[in-house]
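I opened my notebook to look through this one piece by piece. Here is what I looked up, in the order I got to it.

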Amino acid sequence: MDLAGRDPGLLESFRARMRVLQALMIRELHTRFGRENLGYVWLFMEPAMLGVGVGLWQLAVRGSAAMPGDLNKFSFFLIGYILFYLFRTLVGRSPHGIAANYQLLYHSRVTIEAVMWARSLLDGAAVAICIGIFLIIIGVALGDWPTDPLQMMVGVALMTLLAHGTGLLFLAATSLNSQIVDRVVHPFTYLSIPFSGMFYMVWWLPGPMQEVLLWSPLIHIMEFTREGQFGPRVPYTYDLTYVAFWIVIVNFLGLCALKAAKPHMEH
Amino acid sequence: MLQLEGVYKSFKKNGITREVLSGIDATFLPGDAVGILGRNGAGKSTLMKILAGVEHPTRGKVRRRMSVSWPMGYDAAVHGALTGADNARFIARLYDRPVGWVESFVQEFSEIGEEFRKPVKTYSDGMKARLIFALSMAVDFDCYLIDEVIAAGDARFAERCRQALLARRGRSALILVSHQTNTVRQLCSHAAILHEGRLSFHEDLDQAFAEYEQL
């Protein structure tokens with residue numbers, strides 16, 4: 001906006017928002033990881049360590065039994081977990097999104113929405129890079145290259161959007177009672193594990209069970225991403241229209257709820 | 001232009017709702033220098049936070065048609081874990097100013113010296129205040145929000161702040177909150193009194209002060 005109080009054009013106001021988002025993302029990197037020691041590497045290390053951990057655990061538990069469709073056990077659970085991690089971390093951190101960054105709101109250009117976007121984009125990008133690195137390692141070490149890496153990245157983007165909207169809802173709910181939200185969000189992310197498709201594929205399951213689980217949009221994103229990973233070796237079950245529907249709904253409701261909640265949030 | 005229209009703000013604590021602002025109307029234009037006087041607990045900092053966009057009114061509208069500074073006097077505008085230089089670069093990116101220029105301007109204006117490359121949490125209160133003020137000068141806001149705290153502390157720097165703000169009078173708007181009339185007299189051309197959740201404007205400073213003294 002200029003001195004005369006004219007509204008800026010659409011393009012200029014979009015550019016201004018992008019600048020704010022960029023500044024917030026760089027700052028988030030600095031405040032979360034600092035410059036000392038490994039610094040930014042932690043951005044990838046956290047999902048990487050957890051993913052490798054889950055991968056190794058599943059290798060140990062499942063022993064020599066082959067996976068249905070003869071998929072690579074380690075890369076199946078490793079990538080599956082990292083994708084779920086994105087959902088867990090974005091939703092899990094959302095109630096504290098503002099308390100940890102309240103200083104930012106002292107700048108009138110910075111909105112709560114922008115702070116949340118900066119974090120979602122940063123974590124989404126980190127997980128995308130993390131998955132990319134592992135795909136290369138797995139390809140080089142085992143000769144098992146992904147069929148369609150681009151499709152996998154679209155999967156990461158869809159997961160980011162779904163988690164972002166869900167996070168907005170939790171954040172808005174903190175204005176009603178932040179203690180309850182704090183206690184509920186952890187079980188929510190934990191209990192969504194069985195509905196994420198992380199440990200199984202839909203075609204492994206009996207029909208009635210498939211029908212129930214397919215209500216969860218997480219499973220659709222997981223199956224879609226795995227199709228990019230393993231290709232036409234096994235069947236996949238997903239509906240991108242259904243995923244898009246969920247993304248639009250949670251983001252729309254999240255923004256409305258946040259707008260209603262703002263007057264009751266204290267900083 | 002910065003405009004408040006029928007702004008109400010209430011807080012809920014332990015199930016009890018307390019109304020702090022009860023219908024505030026105000027318009028601030030570039031060139032205005034307004035001192036807002038209010039006793040302790042009158043809601044000065046709440047009003048400041050609403051002007052800055054930190055908090056949102058329970059009811060009513062805020063229109064911000066000029067760039068508004070963070071409320072000066074709180075150290076919330078900077079991040080303690082980041083260095084002075086990091087904070088300067090963030091502000092430069094956020095407000096679209098040349099990064100290198102902001103960095104050198106802030107280092108010089110704040111007179112922090114080599115500490116500029118150290119985390120803000122290691123600064124003394126005086127250094128922090130100087131950094132925050134220098135940052136706001138680097139951005140060149142259309143409207144400055146100032147808490148009385150800035151008038152306190154290091155006398156020499158307070159005088160520099162006052163000079164810098166006076167130099168800006170005319171092109172930037174200045175909104176100062178205080179419970180002391182002499183701070184308002186030094187910087188402002190007119191005054192408003194915040195009392196019982198409402199804001200009343202006075203063109204004449206002396207008249208405003210006289211009324212304020214009787215509260």
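Predicted model: local features only at pLDDT ≥ 70, side-chain atom pairs only at ≥ 80, totals over all residues.

I started with H4(A), which has 31 residues and reaches 44 Å from its first C-alpha to its last, close to the 45 Å expected at 1.5 Å a residue. Just past the end of H4(A), I found A:Gly143 with a positive phi of about 70°.

Which residues of H1(A) are buried? My list reads A:Val20, A:Ala23, A:Leu24, A:Arg27 and A:His30. I remembered a rule for this: an α-helix has 3.6 residues a turn, so residues three or four places apart point the same way. Then I checked what lies over the buried residues of H1(A), and the cover includes helix H4 (112-142) of chain A together with helix H2 (84-94) of chain B.

**Chain A as a whole**

How many helices and strands are there in chain A? I counted eight helices and zero strands. Read from the N terminus, the order is simply α-α-α-α-α-α-α-α.

I then looked at the overall dimensions. The C-alpha atoms of chain A fill a box of roughly 70 × 45 × 35 Å along the principal axes. A compact globule with 267 residues would have a radius of gyration near 18 Å, and chain A has 20 Å, which agrees. Of those 267 residues, 39% count as buried. For contacts in chain A with a separation of 6 or more, 74% come from residues 24 or more positions apart.

I moved on to strand S3 (residues 33-37) of chain B. Five of its five residues are buried, so S3(B) is largely enclosed by the rest of the structure. The general rule I had in mind is that in a regular strand the side chains alternate between the two faces of the sheet. Here B:Ala33, B:Gly35 and B:Leu37 point one way from S3(B), B:Val34 and B:Ile36 point the other way, and all are buried.

Which strands pair with S3(B)? One is S7(B), joined to S3(B) by five bridges and running parallel, with B:Leu37 standing opposite B:Ser178. Another is strand S8 (residues 190-195) of chain B, also parallel to S3(B), over four bridges. On that side, B:Leu37 has B:Ile193 as its bridge partner in S8(B).

Strand S6 (residues 143-147) of chain B was my next stop, and it is mostly covered, with four of its five residues buried. Three bridges link S6(B) in parallel to strand S5 (residues 68-72) of chain B, where B:Met72 partners B:Ile146 of S6(B). Five bridges link S6(B), again in parallel, to strand S7 (residues 173-178) of chain B; one pair there is B:Asp147 with B:Val177.

**The core and the contact between chains**

Which residues touch the most other members of the largest nonpolar core? Out of its 127 residues, I noted B:Cys143, B:Leu145, B:Leu174 and B:Ile175. The largest share of this core, 14 residues, comes from helix H3 (residues 73-93) of chain A.

Beyond its neighbours within four places in sequence, its contacts include B:Ala33, B:Tyr144, B:Ile146 and B:Leu187.

Last, I checked where the chains meet: 28 residues of chain B are in contact with 22 residues of chain A. On the chain B side, S5 and H2 are the elements that give two or more residues, and H2(B) gives the largest share, four residues. By class, I wrote down 17 nonpolar, four polar and seven charged residues for that side.

Methods
Residues numbered from 1 in each chain as written. Chains lettered and ligands numbered in written order. Core = buried A, V, L, I, M, F, W, Y, C linked by C-beta atoms within 7 Å. Buried ≥ 20, exposed ≤ 12 C-beta atoms within 10 Å, placed from the backbone. Contact = placed C-beta atoms within 7 Å. Pairing = 2+ DSSP bridges. Rg over C-alpha atoms; globule rule 2.2 N^0.38 Å. Nonpolar A, V, L, I, M, F, W, Y, C, P; charged D, E, K, R; others polar. Expected span 1.5 Å × (residues − 1).
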